[in-house]
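Here is a short tour of one chain, from its overall build to a few individual residues. Please keep the model open as you read.

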Amino acid sequence: MHLLKLESVSRDFDVSRPWLNRVIEREPRRLLRAVDRVSFEVTKGETLALVGESGCGKSTVARLIVGLHAPSEGRLEFHGRSMQMIFQDPYASLNPRWRVRKIIAEPMMFVKTEKTIDELLIQVGLSPDDAERYPHEFSGGQRQRISIARALAGEPDLLICDEPTSALDVSVQAQILNLMAELQERLGLTYVFISHNLAVVSLVADRVGVMYLGRVVELAGSAALFARPRHPYTRMLLDAVPDLEMSGKSRTPVAGEVPNPLAPPSGCAFHPRCPHANERCRREVPAFINGVACHAVEEGRI
């Protein structure tokens, strides 16, 4: 049974000018659709990664799941006890005026737990003595360990990880990812992992959802997606990854730019950047069929 389910979830943001300006200049309200009819399920114990360029809506999906935003349309189902979130910038997500002990203890006010603060610190590779220090006294990697300890204090079934390693050095990223994998195995955690780093995603994810301009355009098992990407956008993202193995395979940078979400293209939103686009792509929004939303794939052109 799924732990989390999203059904046609959308989120609009009002980006209109002030009311008086709109009245005087006779402008309509302007709505930005950051997430557009996103649907997926997450089963207990797995890691689902959401990837895409900046502005694709993946972080908004994370905030919708934990309730920081309410969906404009659609519904979310959660069948666990609780969920917590790990944010991208550990320093911004920790109260600089609180000692670590108080930071970690806060979720314990709302959840009955037998864990102690010292146990949680040891669990994430820190010392019980660190409980009396302030966030600014730690390195970036240590601060992210504190954020993970705070999340675990609420005894969650589901952790929403919004680019938890992107603000860290590469060597520290590996340490945090290893810690998260160890905790998942030991505690039976489920992750929704938000990232734009495909190298990281290939290491941690069981399944991968690729997002473009608010929509999921491809959803597949990690091994299958990296071996045989189907959507042209997924192929473009993977072609842009540096060839560290020096295989001689050509690498193509991602062409074009993400369109203005206030004025998205007609039909398939990716068609202005897609080498396989035809008139149907410009006119008709592709349905999500067998894990991919692409007319060219449906018609067997690629």
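How many of the 8 residues of helix H9 (residues 232-239) are buried? The answer is 6, so the helix is mostly covered, where buried means under 20% relative accessible area, exposed over 50% and partly exposed in between (1.4 Å probe, protein chains only). The buried residues of H9 are Pro232, Tyr233, Thr234, Met236, Leu237 and Leu238. They pack against helix H7 (198-204), strand E8 (207-212), strand E9 (215-221) and helix H8 (222-227).

A word on the ground rules. This is a predicted model, in which local features need pLDDT of at least 70 and side-chain atom pairs count only at pLDDT 80 or more, while totals for chains, interfaces and linings use all residues. Residues are numbered from 1 along each chain as its sequence is written, and side-chain values use heavy atoms, with hydrogens and water left out.

**The chain as a whole**

The secondary structure comes to 11 helices and 9 strands; helices (H or I, at least four residues) and strands (E, at least two) are DSSP runs, numbered from the N terminus. The radius of gyration is 21 Å, close to the 19 Å that the globule rule gives for 302 residues, so the chain is as compact as a globular protein of that length. That radius is taken over C-alpha atoms, and the rule is 2.2 Å times the number of residues to the power 0.38. Along its principal axes, the C-alpha trace spans about 65 × 60 × 35 Å.

Of the 302 residues, 46% count as buried. Among contacts (heavy atoms within 4.5 Å) between residues at least 6 apart in sequence, 66% join residues at least 24 apart.

**Strands E1 and E4**

Lysine 5 is found in strand E1 (residues 2-14), and glutamate 77 in strand E4 (residues 73-78). Glutamate 77 is buried, with a relative accessible area of 18%. Leaving aside neighbours within four places in sequence, glutamate 77 is in contact with His2, Leu3, Leu4, Lys5 and Glu7.

| Side chain | Partner side chain | Polar contact |
|---|---|---|
| Glutamate 77 | Histidine 2 | 3.4 Å |
| Lysine 5 | Glutamate 7 | 3.0 Å |

**Helix H2 and what follows**

In helix H2 (residues 58-66), the residues Lys58, Thr60, Val61, Ala62, Leu64 and Ile65 are buried. Just after H2, glycine 67 takes a positive phi of about 90 degrees.

Is arginine 97 buried or exposed? At 73% relative accessibility, arginine 97 counts as exposed, whereas tryptophan 98, at 22%, counts as partly exposed.

Beyond its neighbours within four places in sequence, tryptophan 98 is in contact with Ile103, Glu106, Tyr134 and Pro135. Tryptophan 98 and glutamate 132 are 34 residues apart in sequence and 9.3 Å apart in space, C-alpha to C-alpha. Arginine 97 and phenylalanine 87 are 10 residues apart in sequence and 18 Å apart in space, again C-alpha to C-alpha.

Key. A polar contact is a pair of N or O atoms within 3.5 Å; within protein, one must be able to donate a hydrogen and the other to accept it, and residues adjacent in sequence count only if both atoms are side-chain atoms.
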